[in-house]
Amino acid sequence: MPATKYRFCFGPWNISPGQDPYGPPTRVDRDFDWKLAQLKKHGFEAMMFHDDDAVPDIDSKSWPQIQKEAKALKKRLDGEGIAIEMVAPRLWFAPETIDGGYTSNDPKHRRYAIERSKQSIDIANILGTDLLVLWLAREGTYIREAKNGRRAIDQLVEAFDAMLAHDKKIRLAIEPKPNEPMDHAYLPTIGHALAAAHLTRDPKRVGCVIESAHAILAGLDPADEIDFACAFGKLWSLHLNDQNGLKYDQDRPFGCTNLRSAFDQVRAVERNGYGKRAGEFVCFDVHPFRTTKEEHWMAHLTNSRQTFLRLVEKARSFDEKTAAALIKDRDYQALDQLVIEHLLG
Ligand code: GLO
Ligand code: MG
């Protein structure tokens with residue numbers, strides 16, 4: 001089988017201006033045109049979009065207006081030869097989603113979340129992608145007793161069902177994350193997401209997105225998460241990045257903290273053939289450090305891409321024969337060193 005020729009992607013939010021909960025931006029934010037130009041210049045082939053990245057101030061606009069702007073964006077990106085990887089309803093900014101979207105205790109707010117998700121599906125149709133990513137940011141609670149965990153699963157499934165019914169072709173890719181912004185999330189891992197898929201009206205159209213940092217925050221190995229999702233044919237997008245331990249979600253450059261784990265993720269991607277099918281991109285959900293100067297603003301993305309490609313070479317040149325012999329002999333001590341020498345060499 002021919003080797004995968006990987007194609008790369010990021011979202012406009014990945015060129016972020018540096019604010020954190022303790023301080024303001026450190027770089028002057030740039031407009032969409034600049035970000036698109038950077039994406040092209042650095043050899044990325046696709047962009048991911050929140051619904052309000054595609055149509056800013058979306059809640060203040062009528063559907064005809066939203067449609068008009070989405071169509072103009074599609075025309076623009078087609079003209080530039082840039083694919084749209086997915087659309088994601090940004091359900092964590094609006095006043096209606098303070099207590100969560102699909103699992104809010106207020107029925108009006110749950111309705112808002114579902115209607116906005118359906119609208120995102122209509123936008124995805126205009127933008128020519130069948131993938132709706134659901135990062136369930138506020139589907140959890142800070143106070144466990146404030147919500148009913150059993151009812152929350154029913155509400156999530158009800159919301160997924162409404163989306164699946166709204167469009168016969170749309171695929172939902174759940175992006176689990178165990179915490180942040182919430183204390184605990186209701187679908188914290190890929191196992192939870194894929195199990196919930198089976199409660200929906202059309203499990204075939206519910207899959208997942210794996211983000212390296214989210215797996216690490218759940219105490220899991222991102223490479224194992226990739227293999228697990230692929231065993232179900234459910235890895236529909238991939239957010240590679242890195243994370244230094246159990247802290248806030250760091251979205252560090254891919255491989256910058258744990259090169260060996262990054263190597264293992266690339267091996268998992270390679271052995272499962274992720275990236276071969278149309279619409280499969282390697283996305284980097286990374287942010288620049290707050291200290292990054294404007295002139296180095298793309299480095300976290302270009303470095304992630306370069307590290308990924310270097311690790312593809314490493315995965316392809318790994319001495320599989322020797323590794324197989326060591327595995328047969330149960331000499332995992334030598335196998336361990338074989339990997340280290342290969343990465344160092
Ligand atoms: C945050 C998530 C976020 C999503 C994005 C797409 O932790 O990783 O960046 O990937 O909003 O839905
Ligand atoms: Mg992500």
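Which residues line the second largest cavity? In this predicted model, local features are reported only at a pLDDT of at least 70 and side-chain atom pairs only at pLDDT 80 or more, whereas totals for chains, interfaces and linings use all residues. Residues are numbered from 1 along each chain as its sequence is written, chains are lettered from A and ligands numbered from 1 in the order in which they are written, and side-chain values use heavy atoms, with hydrogens and water left out.

The second largest cavity is lined by Pro176, Lys177, Pro188, Thr189, Ile190, Val209, Ile210, Glu211, His214, Ala215 and Glu225, and its volume is about 50 Å³. On a 1 Å grid over the protein atoms alone, a cavity is a set of points where a 1.4 Å probe fits but cannot get out, a pocket is an open set with protein on both sides within 12 Å along at least five of seven lines, and lining residues have an atom within 4 Å of a point. Strand S8 contributes the most to this lining, with three residues, and helix H7 (212–217) also supplies at least two; helices (H or I, at least four residues) and strands (E, at least two) are DSSP runs numbered from the N terminus.

The largest pocket has a volume of about 1,600 Å³ and is lined by 46 residues, of which Trp13, Ser16, Gln19, Asp251 and His287 lie nearest its centre. Helix H1 (32–41), helix H2 (51–54), strand S3 (83–88) and strand S4 (131–135) are the elements that give two or more residues to this lining.

The magnesium ion (ligand 2) is coordinated by Glu175 (OE), Glu211 (OE), His239 (ND1) and Asp285 (OD) at 2.0 to 2.3 Å, where donors are N, O and S atoms within 2.8 Å of the metal (3.2 Å for Na, K and Ca). The six donor atoms around this ion subtend angles of 80 to 173°, which makes the arrangement octahedral; six donors count as such if opposite donors are over 155 degrees apart and all others between 65 and 115. Glu211 lies in strand S8 (residues 206–211) and Asp285 in the loop between strand S10 (282–284) and helix H10 (299–317), so the pair ties together parts that are 74 residues apart in sequence. Both Glu211 and Asp285 are buried, buried meaning under 20% relative accessible area, exposed over 50% and partly exposed in between (1.4 Å probe, protein chains only).

A cis peptide bond with an omega of about 5° joins Glu180 and Pro181, and Glu180, although not a glycine, has a positive phi of about 70°. Glu180 is placed in the loop between S6 and S7 and counts as partly exposed at 30% relative accessibility. Asp57 likewise has a positive phi, of about 55°, without being a glycine; Asp57 lies in the loop between H2 and helix H3 (63–80) and is exposed, with a relative accessible area of 58%.

Note on methods: Points joined across faces, edges and corners; volume = space filled by probe spheres on them. Tetrahedral: all angles 85-135°; square planar, octahedral: opposite > 155°, others 65-115°.
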